Amino acid sequence: MILTIFGYPKSGKTLLFNLLTGENEEVSKFSTSSAHEYHKAVVDVPDERLTQLAKKFDLPPIYAKIEYLDTGAVAFGESKNETFIDLLRRADGLVHMVRGFADQEIAHLPGSVDPARDISAMEEELKSVDFIGIEKRAQRLESDLKKIKSKELSDELDLMKKLKTFLEEGKPLREYEFKANEELLVRGFKFLSLKPLLNLINADEDSYEQCLKLKQEEEKHRATFVFCGKIETELLELEEEDRLLFQEEYGLKSYEYMQENFVKKSYRLMNLISFFTMGKKEFKAWTINGSETAYRAAGKIHTDIQDGFIRGETINWKDFLEVGGFSPAKEKGLLRLEGKEYIVKDGEIIQFRFNK
Ligand SMILES: Nc1nc2c(ncn2[C@@H]2O[C@H](COP(=O)(O)OP(=O)(O)O)[C@@H](O)[C@H]2O)c(=O)[nH]1
Ligand SMILES: [Mg+2]
């Protein structure tokens, strides 16, 4: 899974990137990164359940992976830059770092600090990139349709027109309710306003309370949370006891550490869940969509397993840990036999049976 961090210069993107990846990229008041520059790191998705399972069964844990991309300068609109747009297109989810702290020494491109304004400004940018793409595609389709008759192309043109109207009404594409055939058509376009979006307001102790008013739990694949990048980085260097003391002093008693909570929040936003498999050599976590079938889950592992699918033997991770393996689970009647259409639940262990 790829998550791309973008936002105005010096909003705290690289600070978050370092916090999440353990990298040590330069965080600077004055850096003038270009839109061509970016940082990339692949990290394990922390999962305490897998850690416990692997330990109990004495196998190495193989965690799911997240790739973080930390973009340089914003380059929408006139100065539209292909490297930058490509980093956004590649993402499964977008993280918009929003300036929420005051600091005279650190310039903010739009002038004043106003998180609500910046959140809607960036959403506008995403929509406008999509709008331009859709217009281009529609023109192309219209000219092709003059030459050849094609149901496929005319269906696509219909969809492009609908999406264009939708954007003109001011709505991002992630709010559009795609029919199954439309979803297939749209997949290749990598529209930006279709991607799940996490707005992360980077506040300090003075603006924290104010920024919290903009906090919004996940709704239609968009959420807004408050991050205190600089303070969190400092606090993480302290012992837990001191940490709580300082948190209180800063007025951040209820603060949620992003280093700890970011992945969980992203998974929820993107409607992702994990299931586990136990092999001879490893215990492994897999990431799938929250509404995917056992058949699709099997395909994630190997097409052979999917093609020869017989059934999935399924058990909750905690039960598995407690009974100590497949055989005792079977004896106790805790192992369920599920078919192709079974919807996999978060935290299940699945052993696939298939024809070779
Ligand atoms: N005062 C203050 N400065 C911050 C905060 N978060 C980040 N900064 C500073 O903002 C500058 C830019 O941060 P950086 O992560 O490099 O921003 P980027 O350009 O978005 O990658 C650095 O000097 C940070 O120390 C904050 O919450 N408060
Ligand atoms: Mg940076």
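The model is a predicted one, in which local features need pLDDT of at least 70 and side-chain atom pairs count only at pLDDT 80 or more, while totals for chains, interfaces and linings use all residues. Residues are numbered from 1 along each chain as its sequence is written, and chains are lettered from A and ligands numbered from 1 in the order in which they are written.

To start with the overall picture, the C-alpha trace of the protein spans about 70 × 65 × 30 Å along its principal axes. The secondary structure comes to 14 helices and 13 strands; helices (H or I, at least four residues) and strands (E, at least two) are DSSP runs, numbered from the N terminus. Of the 356 residues, 32% count as buried. Here a residue is buried if 20 or more other C-beta atoms lie within 10 Å of its own, exposed if 12 or fewer, and partly exposed in between, with C-beta atoms placed from the backbone. Among contacts between residues at least 6 apart in sequence, 68% join residues at least 24 apart, a contact being two C-beta atoms, placed from the backbone, within 7 Å.

The protein is divided into domain 1 (2-110 + 194-269), domain 2 (128-191) and domain 3 (273-354), with bounds that come from an automatic or database domain assignment. Domains 1 and 2 have their C-alpha centres 32 Å apart. Their contact takes nine residues from domain 1 and six residues from domain 2. On the side of domain 1 that touches domain 2, the residues divide into four nonpolar, one polar and four charged. For these classes, Ala, Val, Leu, Ile, Met, Phe, Trp, Tyr, Cys and Pro count as nonpolar, Asp, Glu, Lys and Arg as charged, and the others, Gly among them, as polar.

Next comes the sheet. Six strands form an open sheet with mixed pairing, in the order β3-β10-β9-β13-β11-β12; two strands pair if DSSP finds at least two bridges between them. The edges are β3 (61-62) and β12, each of which pairs on one side only. β9 and β10 run antiparallel over seven bridges, and a hairpin of four residues joins β9 to β10. In this pair, Met278 stands opposite Phe283 in β10. β9 also pairs with β13, this time in the parallel sense and over two bridges, with Phe275 opposite Glu348 in β13.

In α11 (residues 294-301), the buried residues are Ala294, Ala297 and Ala298. Seen down the axis of α11, these residues fall within an arc of 100°, so they line one face of the helix; the arc is that of the directions from the helix axis to the C-beta atoms. What covers them includes β9 (272-278), β10 (283-289), α12 (303-307), β11 (309-316), β12 (336-338) and β13 (348-354).

The other helix is α2 (residues 48-56), where Arg49, Leu50, Leu53 and Ala54 are buried. Down the axis of α2 the buried residues fall within an arc of 125°, so they too line one face of the helix. Their cover includes β3, β9, β10 and α13 (317-323). The face of α2 turned away from its buried side carries the exposed residues Glu48 and Lys55. Just after α2, Asp58 takes a positive phi of about 55°.

Gly22 sits in the loop between α1 and β2 (38-44). Gly22 is exposed, with 10 other C-beta atoms within 10 Å. Its C-alpha atom is separated by 8.9 Å from that of Val43, 21 residues apart along the chain.

Finally, the ligand. Of the 20 residues around ligand 1, Lys13, Thr14, Leu15, Phe101 and Lys230 come nearest, where a residue is near a molecule if its C-beta atom, placed from the backbone, lies within 6 Å of it. α1 (13-21) and α8 (229-235) each supply at least two residues of the shell, and the largest share, three residues, comes from α1. The shell divides into seven nonpolar, seven polar and six charged residues.
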